[in-house]
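Trainee: Please walk me through this one, starting with how its parts pack together.

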Amino acid sequence: MSGLDSRLSLCASFVRPGSRLADIGTDHAYLPVWLCRNGVCESAVAADINPAPLKSGEQHIAEAGLGGKIELRLSDGLKNISRDEADDIVIAGMGGELIASIIFDWDYSRDKTKRFILQPMTKSELLIERLCENGYEILKQDCCVSANKCYTVLLVQYNGEPADFDELFCYLGRLNPRQNPTHLRFVEGHIERLLKKSKGDARFAALANRLKEACYGDC
């Protein structure tokens with residue numbers, strides 16, 4: 001998608017056409033500007049807890065002539081976003097723990113019509129665990145490489161049913177590392193981190209080996 005890096009492009013590809021967008025932790029409002037300019041979204045709220053990104057976003061929105069479609073808002077996560085302002089909510093560029101807390105702190109996160117597009121920078125396994133425990137389903141998951149770093153993006157919706165999952169699923173999610181090389185690269189990052197942790201706790205080595213088997217078969 002021209003105009004966005006591969007990380008934001010992957011987030012954009014998960015947004016439903018015709019939806020109202022909330023971009024939480026907006027990065028110069030790049031994503032809402034692209035989605036509204038290309039007719040994917042009817043309207044958008046570009047929100048951030050800090051004024052500086054909003055100031056940068058204001059200029060970008062003005063240059064695109066989208067002041068009538070995109071509203072900038074100072075907000076701690078989703079706390080200043082109302083139910084009728086967003087159908088699809090993007091939370092990107094944060095740690096998995098913070099993303100989970102932002103979702104669970106929102107009064108409307110259990111509305112089954114809402115969809116969350118989540119791009120954790122760290123601890124995606126913890127995010128997946130908390131989502132599954134609290135009745136959120138991973139509808140889709142994919143990976144991309146941007147600036148030589150591998151990222152994952154999840155499409156999530158509340159269904160009210162805590163999932164039956166194991167520890168391995170927290171690391172794999174809906175990825176298919178045997179068939180997709182980018183998925184494999186992302187899971188290999190998990191394996192590398194687990195092996196480093198295994199120097200202090202052998203349990204992590206066992207988990208790393210289970211992940212290796214999921215990636216390569218018997219090892």
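**Helices, sheet and a loop**

Trainee: G96, E97, I99, A100, S101, I103 and F104 are in helix 4, so to speak on one side of a contact; which residues in helix 5 do they meet?

Mentor: Contact means heavy atoms within 4.5 Å. Helices (H or I, at least four residues) and strands (E, at least two) are DSSP runs, numbered from the N terminus. Facing that group, helix 5 brings in L126, L127, R130 and L131.

Trainee: What kind of model is this, and from which number are the residues counted?

Mentor: It's a predicted model, in which local features need pLDDT of at least 70, side-chain atom pairs count only at pLDDT 80 or more, and totals for chains, interfaces and linings use all residues. Side-chain values use heavy atoms, with hydrogens and water left out, while residues are numbered along each chain, as its sequence is written, from 1.

Trainee: How do helix 4 and helix 5 lie: roughly parallel or roughly perpendicular?

Mentor: Their axes are 7 Å apart, at an angle of about 25 degrees. Axes are lines fitted to C-alpha atoms (for helices, over the stretch in contact), and angles run from 0 to 180 degrees between N-to-C directions. Under 35 degrees counts as roughly parallel, over 145 as roughly antiparallel, 65 to 115 as roughly perpendicular and the rest as oblique. So helix 4 and helix 5 are roughly parallel.

Trainee: In what order do the seven strands sit in the open sheet?

Mentor: Two strands pair if DSSP finds at least two bridges between them. The pairing here is mixed, and the order is 3-2-1-4-5-7-6.

Trainee: At what angle does helix 4 run to strand 4?

Mentor: Helix 4 lies across strand 1, strand 4, strand 5 (115–122) and strand 6. Relative to strand 4, helix 4 runs at about 150 degrees.

Trainee: Is A147 buried or exposed?

Mentor: A147 lies in the loop between strand 6 and strand 7 (149–158), with a positive phi near 50 degrees even though it isn't a glycine. Buried means under 20% relative accessible area, exposed over 50%, and partly exposed in between (1.4 Å probe, protein chains only). At 72% relative accessibility, A147 is therefore exposed.
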